[in-house]
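Student: I have a structure to look through and would like to work from questions. Can we start with what the words mean?

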Amino acid sequence: MRAWVFPGQGSQHPGMGEGLLDRFPAECATAERIIGVPPARLCRDARGEYLGRTRYVQPAVFLVSVLAARAALADGRPPPEVVAGHSLGEYAALHLAGCLDFDSALSLVVRRGRLMESVTGGGMVAVLGLPLSRVTELLAEIPDVDLANHNLPDQFVLAGSTAGVRTVVDAVRRLGTGRCVPLAVSVPAHSRFMAGAAEAFAVALRDVAPAPPSIPVVSNVTGSPHVPGEIPGTLLRHFVEPVRWWDTMCLLARSGVTEPVEVGPGEVLTKMWRRAAGSLPAPAPGGPLARAAPVPPSEPVPPVAPATSVAPSAPPVAAPVARGHDPGPPPAAASRPRPAGSSGLRADYGIRYACLAGSSPFGVTSPAFLRRLSEAGQLGFFGAQGLAPAEIRAALAELRDVHRYGMAWPSGGDERALCDLYLAHDVRHVEVTGPLAVVSPQLVRFRHGDGPRQVLVRAPDLATAVRFLRPADPPAVRALAAAGHLDSASAGAAAREAVATDVAVERDAHALVPVLVALRDREAPGTRIGVAGVGTPAAVAAAFALGADFVVTTTVNQCTAEAATSDAAKDLLAALDVTDIREAPDPDLFELGARSPVAHRGTLFAARAEELYRMFLRYDRLADVGPRRLAELERTHFGRPLDEVRADLGVAGRDDRHVLASVCAAYCREATTAALRGTAGQRLNYRVPASTDVGAFNRLVAAEPLADWRARHAELVTERLLREAN
């Protein structure tokens with residue numbers, strides 16, 4: 001099997017492309033327009049201005065690789081049957097396979113290079129001579145370093161903070177085996193530290209709709225062929241996930257490749273293949289790439305112009321390779337806008353944008369908040385968590401004339417009474433949150449009984465998402481049918497369909513969304529997958545590029561004019577940056593050690609709550625803490641005697657481990673109440689739930705009227721985030 005591979009950054013050298021640039025004047029003219037530097041000057045780099053800078057290196061290597069491929073094809077070399085590229089080289093491979101036209105691919109590479117160069121404060125180091133198991137152990141010991149490249153069984157590249165990279169070098173030196181080669185880059189590529197650049201790159205990907213590949217293109221991210229329709233999301237993951245070149249070489253070897261042809265500057269990949277030859281797997285009959293059928297031809301390809309042609313519209317590289325497949329229309333037509341989310345979701349919720357406003361507990365996402373959204377053609381969920389039934393009934397009465405809204409579904413308590421209440425008020429949409437959320441029979445009754453209803457699940461982890469992507473348990477369905485809550489058609493639907501109509505992941509979206517989309521397509525067709533916690537248009541675009549159907553705003557909703565929390569809490573939220581968030585003990589799961597994100601700047605809650613948790617781990621009862629320390633806690637944490645706290649908890653006179661935990665958790669709850677009410681004298685103890693989305697939004701609007709939360713009306717947040725995606 002014939003394979004062509006394209007090198008990445010690091011293969012550049014002054015004078016590369018000599019003899020190629022003059023053969024393709026049309027492409028060079030296009031490149032000068034897009035890059036802003038004449039290719040001859042860029043590649044010659046006589047004064048060392050360009051090939052040491054990522055923003056110029058990447059388009060230069062891409063250009064030389066593409067022109068080398070064009071020249072090889074024009075000179076009669078047999079076209080490849082599979083292509084792959086190392087990191088940046090994947091863009092040349094995608095272009096060769098007809099997925100991206102020349103202009104679009106080069107524009108993406110230019111944007112990629114600039115964004116990667118903008119990330120500073122990190123570095124990369126090659127680790128040689130150690131097995132994967134030992135490198136994995138190193139990574140477990142050094143938290144701010146990631147695996148960036150797996151090139152050979154004993155050749156890796158790690159990326160991370162400057163201090164982390166130094167720690168790697170010291171650790172390998174102490175081992176006495178293996179060696180490190182620090183790389184002359186200041187960019188921690190292919191690691192979590194590139195997440196901000198990935199969000200910005202999503203904006204560029206939003207308007208690109210790649211054509212299906214005419215031949216297999218092996219992805220760095222997965223080590224398997226690109227899947228049509230998932231290419232933008234995979235390119236986005238490329239920023240934050242490692243280059244799996246060893247897996248790529250193994251796939252090529254199993255498919256019958258004896259030695260790939262390296263196309264582009266240098267021989268890095270050729271030498272790597274030859275060094276690995278003894279370790280590569282043997283060819284497998286009908287290897288994996290042989291089973292990847294090419295896309296059938298769509299229409300005839302016009303004759304290929306001679307290599308010396310100066311026509312302004314030279315054919316893309318893929319034309320002679322595609323065996324009849326047309327790589328697509330000119331750039332302006334090929335770069336059609338991607339749909340901004342699910343039209344089905346917009347129809348089911350009756351909203352303008354594929355964006356929902358998630359709930360915040362204790363009624364913070366208030367009736368006034370929901371009314372404002374509804375009048376603007378948007379929808380949010382009332383924060384019923386933590387409220388008494390009478391407070392929920394009062395909110396429903398206030399929402400009686402609001403056209404569109406949803407309600408949070410508080411877990412636990414009398415769920416049958418809650419379901420009766422929601423059905424009596426004709427609530428059509430509920431939101432389920434939290435790691436302990438369960439598929440209760442009453443939630444199934446709400447979902448399937450008496451007409452179609454929507455159940456949105458905000459999942460903090462994969463396990464929660466999977467739980468709601470399955471149908472209800474058959475015994476629960478039978479019991480609901482026997483009680484008359486489900487008719488035969490509804491019971492049948494409950495037995496077949498996922499409990500959730502919509503699942504939004506709250507963490508690790510870049511990893512979980514593709515997994516859930518694949519799971520949904522296989523087991524729960526019709527359920528929509530989203531991303532919760534977006535705070536910038538780039539984050540929205542990134543979600544859609546990953547394949548999400550919708551997005552959900554979360555803690556940014558607390559910092560709006562209509563949010564039912566104190567002005568003091570809103571002042572604190574509006575001052576947060578993305579780094580001002582900490583994980584702190586959760587009041588509802590204190591004894592289990594669970595944590596939730598809160599504001600760190602302007603309050604001492606996170607530190608004081610952590611202090612109480614350490615105290616809980618160390619002591620068995622309050623008396624063991626000591627009178628001096630207890631007196632200090634009364635003054636700094638509670639502002640009142642601990643005997644009063646115990647009396648309020650109904651444990652006066654007792655002193656055991658459960659009482660100790662209850663008192664500690666009471667501080668967390670009282671800190672929440674103090675923030676909601678804006679209690680004077682307690683600001684340093686405010687517990688304000690917050691995530692990085694609110695800090696990102698604050699940055700976004702820093703120079704706009706929305707910088708003042710008093711001007712942040714509920715509907716304007718969504719407008720600001722979504723208008724660029726529509």
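Tutor: Buried means under 20% relative accessible area, exposed means over 50%, and partly exposed lies in between. Keep in mind that this is a predicted model.

Student: Does Phe 590 count as buried or exposed?

Tutor: The cut-off for buried is under 20% relative accessible area. Phe 590 has 2% relative accessibility, so Phe 590 counts as buried.

Student: Which kind of pair do the rings of Phe 590 and Phe 616 form?

Tutor: A pair of aromatic rings is described by the distance of the centres and the angle of the planes. Planes over 60 degrees apart count as edge-to-face. For Phe 590 and Phe 616 the centres are 5.8 Å apart and the planes stand at 65°, so the pair is edge-to-face.

Student: Where in the chain is Phe 616, the partner of Phe 590?

Tutor: The pair links distant parts of the chain, 26 residues apart. Phe 590 sits in the loop between strand E17 (581–585) and strand E18 (595–599), while Phe 616 is in helix H24 (residues 605–618).

Student: How many aromatic pairs does a search of the whole structure find?

Tutor: Rings pair if their centres lie within 6.5 Å. With the whole structure searched, the number of aromatic pairs is ten.

Student: What kind of aromatic pair do Phe 62 and Phe 102 form?

Tutor: Planes under 30 degrees apart count as stacked. The rings of Phe 62 and Phe 102 are 6.3 Å centre to centre with 25° between the planes, and the pair is stacked.

Student: Which parts does the pair of Phe 62 and Phe 102 tie together?

Tutor: The two residues are 40 residues apart in sequence. Phe 62 is buried at a relative accessible area of 2%, and Phe 102 is buried at 8%. Because of where they lie, the pair ties together helix H3 (residues 54–74) and helix H5 (residues 102–118).

Student: Is Phe 362 buried or partly exposed?

Tutor: Phe 362 is in the loop between strand E9 (355–357) and helix H14 (367–375). Its phi is near 60°, a positive value in a residue other than glycine. With a relative accessible area of 40%, Phe 362 is partly exposed.

Student: How far apart are the end C-alpha atoms of helix H21?

Tutor: Helix H21 (residues 509–523) has 15 residues, so at 1.5 Å a residue the helix should span 21 Å. The computed distance agrees with this: the end C-alpha atoms are apart by 20 Å.

Technical notes
Residues are numbered from 1 along each chain as its sequence is written. This is a predicted model: local features need pLDDT of at least 70, side-chain atom pairs count only at pLDDT 80 or more; totals for chains, interfaces and linings use all residues. Side-chain values use heavy atoms; hydrogens and water are left out. Helices (H or I, at least four residues) and strands (E, at least two) are DSSP runs, numbered from the N terminus. The expected span of a helix is 1.5 Å times one less than its number of residues. Buried means under 20% relative accessible area, exposed over 50%, partly exposed in between (1.4 Å probe, protein chains only). Rings of Phe, Tyr and Trp (its six-membered ring) pair if their centres lie within 6.5 Å; planes under 30 degrees apart count as stacked, over 60 as edge-to-face and the rest as tilted.
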